[in-house]
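Thank you all for making time this morning. I would like to talk through the aromatic pairs, and then turn to one further residue.

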Amino acid sequence: VYALPFEGLDFLINAVRRKTNDLTRPNGLPFKDSDEQQQSLLAKTELYNADSIVSYSFRSGKDEGIEPYDLVGNSGIFSTLYPDNLFRATEESAHSFRAQHSPSNKWIELDFVLGYIDKSVSEQKLIEERFVADEINPISVFQYDIWNVSLKNTSNLSFAENKLRFNYGIQ
């Protein structure tokens, strides 16, 4: 869904929900353990005028399914240590705020970004065609909290026929 209710303001919303267990090869044979469930949501709003843009976006997603242990396939050293698949569930949400200001001043083109990602991954190895949580086969949980802050400016300079752009900032 996209909306532009009036000049200078727009909205975007996108949602996806997919559940499948019948992924097939080009020859028509099914992939073993091709169960997959995905859900995601994206929402963004933007407010702008001639000199400035302010935007906020939010994205969340869930994904779970059975995957090869090394994410490439059962190859190399992992094929002997962990020959089976694992069940992986991932949940993630991300927030992003951005403000840009470009007045009619050649010294100032400000760009500010603040972002945060909260991600959780749970996984468990498949043993003898089933998932059993015990001390031999625990459920592994990984939690990631990632922050990003960036402030930069661009100055446009002219010396005779030469034009220079200086980018500087912090992250």
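Searching the whole of this predicted model turns up two aromatic pairs, where rings of Phe, Tyr and Trp (its six-membered ring) pair if their centres lie within 6.5 Å, and planes under 30 degrees apart count as stacked, over 60 as edge-to-face and the rest as tilted. In one of them, the ring centres of Phe97 and Phe112 lie 6.3 Å apart with their planes at 65°, so this pair is edge-to-face. It joins distant parts of the chain, since Phe97 sits in strand β5 (residues 85–101) and Phe112 in strand β6 (residues 110–125), 15 residues apart; strands here are DSSP runs of E, at least two residues long, numbered from the N terminus.

Tyr116 and Trp147 make a tilted pair, at 4.5 Å centre to centre and 40° between the planes, and this one links strand β6, which holds Tyr116, with strand β7 (residues 140–159), which holds Trp147, 31 residues apart.

On accessibility, buried means under 20% relative accessible area, exposed over 50%, and partly exposed in between, with a 1.4 Å probe and protein chains only. Phe97, at 32%, is partly exposed, as is Tyr116 at 21%, whereas Trp147 is exposed at 58%.

What is the state of Thr90, buried or exposed? Thr90, in strand β5, is buried, with a relative accessible area of 19%, and its contacts (heavy atoms within 4.5 Å) include Gly61, Asp63 and Ser120, leaving aside residues up to four places away in sequence.

As for conventions, residues are numbered from 1 along each chain as its sequence is written, and side-chain values use heavy atoms, without hydrogens or water. Because the model is predicted, local features need pLDDT of at least 70 and side-chain atom pairs count only at pLDDT 80 or more, while totals for chains, interfaces and linings use all residues.

How values were computed: Helix = DSSP H or I, 4+ residues; strand = E, 2+ residues; numbered from the N terminus.
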